[in-house]
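Please read these points with the structure open beside you.

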Amino acid sequence: MNFFLHLAVKQITRQMNIDALQETFQDLYGNTGEETTIFFSPGRVNLIGEHTDYNGGYVFPCALSFGTYLVARRNNSRQVRFATTNFDHRGEVNLDEPFRKDGKSWINYPVGVLNEFRKEAREIEGVDLLYSGDIPNGAGLSSSASIEMVTAYAMDRMFGFGMELMDLVKLSQRAENLFVGVNCGIMDQFASGMGAADHALFLNCDTLDYERVPLKLDGLKIVIANTNKRRGLADSKYNARRAECEAALEALRRGRELRHLSELSLEEFHEMSHLIGGETERRRARHVISENHRTLSAIDALNRNDIATFGQLMNQSHDSLRDDYEVTGRELDTLVDEARKIGGTFGSRMTGAGFGGCTVSIVREDSVETFIREVGKGYSERTGLKADFYVAEIGDGSKQLLPAT
């Protein structure tokens with residue numbers, strides 16, 4: 001089979017079979033004659049600006065063309081029933097009872113969203129829900145945010161709440177923070193909700209000011225490589241990193257009033273870093289503040305169509321995440337190391353929370369086949385794991401698919 005034909009089966013442009021999904025829904029919940037509605041929210045990849053979002057900094061993600069599909073239908077009861085094509089586990093909640101976490105189940109993500117609607121006195125009615133995602137689970141491409149956003153978007157549309165999309169983004173972030181228990185920043189939900197095809201999102205996570213930046217990658221491709229090392233975000237050191245940043249911030253406040261680390265420039269940090277007593281906390285803060293500087297420089301380079309500089313900044317970002325923030329690990333470092341050996345690679349870095357998951361690389365289009373073959377071979381030889389590769393298509397944010405609006 002032709003390489004690119006084979007790749008098309010796995011790359012991000014693949015489409016769910018909507019008819020088959022509706023048939024599965026009918027098999028699960030029966031045919032009541034009520035109309036079903038289908039919604040979609042994408043995963044995301046962050047090009048640069050990592051672990052800055054919860055520190056009030058800058059990020060540069062884009063929505064992907066794969067994500068989570070949701071088939072929904074009212075069921076004229078006080079039950080919300082959950083099922084997915086991705087796992088066997090199903091569940092339901094009673095709308096007349098308090099919502100409780102279901103262990104570590106995927107169901108906690110949509111239930112957390114329903115809980116946030118309840119706090120705002122926005123009451124839903126009974127619905128049957130079938131989720132189907134084509135985001136690689138545990139890859140760090142924000143399957144959880146995709147589930148949260150598709151749930152929030154669907155409930156808003158089905159029950160006529162009329163909320164602004166940004167408010168649904170904030171609601172979904174609160175669901176993950178308060179119900180699921182992961183202290184994530186707003187980037188993942190923002191990218192999933194607000195994405196636009198062929199654009200990346202330059203977001204100030206402090207003010208939530210943002211700009212949709214066209215991605216002009218003529219002759220280049222964004223290639224995502226999945227380590228296939230499983231990672232559980234809630235159980236990882238993610239929350240510990242956030243606590244270390246907060247400790248660094250508290251120490252720096254002895255020198256001046258600060259709301260978050262990202263208020264400092266690199267020069268200001270160098271002048272004040274002695275206030276942070278612990279070397280670990282100092283390195284965490286150094287990553288955040290230098291990453292903000294790199295992200296601003298990367299946007300400037302992209303606006304000048306200077307892809308070489310953009311790629312160098314991606315490389316520097318990974319090195320900082322490896323050395324100062326310590327969230328990469330052997331698998332991610334190996335993928336990046338192998339990627340940088342390929343002549344057509346402009347830049348390569350881990351993306352997402354780390355501790356496994358994915359890398360993102362900018363690769364010359366005529367080098368993509370070589371990149372996938374050689375990086376995959378080197379990674380397998382060095383780790384014993386098989387990487388999966390996706391040539392990224394940049395897609396839209398949350399939307400209703402059927403019936404068409």
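1. The buried residues of helix α2 pack against β1 (37-46), β3 (61-74), β4 (79-84), β6 (127-133) and β13 (399-402). Keep in mind that this is a predicted model.

2. Which residues of α2 are buried? They are I18, L21, F25 and Y29. Seen down the axis of α2, these buried residues fall within an arc of 60°, so they line one face of the helix. The face turned away from the buried side carries D19, E23 and D27, which are exposed.

3. Helix α2 covers residues 18-29, twelve residues in total. From its first C-alpha to its last it reaches 16 Å, close to the 16 Å expected at 1.5 Å a residue. After α2 comes G30, with a positive phi near 85°.

4. Now the aromatic side chains. The structure holds twelve aromatic pairs. A pair of aromatic rings is described by the distance of the centres and the angle of the planes. Two of the pairs are taken up in the next points.

5. F190 and Y210 form an edge-to-face pair, with 5.2 Å centre to centre and 75° between the planes. F190 lies in helix α6 (residues 187-194) and Y210 in strand β8 (residues 210-214), so the pair ties together parts that are 20 residues apart in sequence.

6. F371 has a relative accessibility of 1% and counts as buried. F389 counts as buried too, at 7% relative accessibility.

7. Which residues do ring pairs link into a cluster? F117, F159 and F161 are joined in this way.

8. Charged side chains also meet rings. R118 lies over the face of F99, at 3.8 Å from the ring centre. For Y153, the charged end of R157 sits over the ring, 4.0 Å from its centre.

How values were computed:
Residues are numbered from 1 along each chain as its sequence is written. This is a predicted model: local features need pLDDT of at least 70, side-chain atom pairs count only at pLDDT 80 or more; totals for chains, interfaces and linings use all residues. Side-chain values use heavy atoms; hydrogens and water are left out. Helices (H or I, at least four residues) and strands (E, at least two) are DSSP runs, numbered from the N terminus. The expected span of a helix is 1.5 Å times one less than its number of residues. Buried means under 20% relative accessible area, exposed over 50%, partly exposed in between (1.4 Å probe, protein chains only). The arc is that of the directions from the helix axis to the C-beta atoms. Contact means heavy atoms within 4.5 Å. Rings of Phe, Tyr and Trp (its six-membered ring) pair if their centres lie within 6.5 Å; planes under 30 degrees apart count as stacked, over 60 as edge-to-face and the rest as tilted. A charge sits over a ring if NZ of Lys or CZ of Arg is within 6 Å of the ring centre and within 35 degrees of the ring normal.
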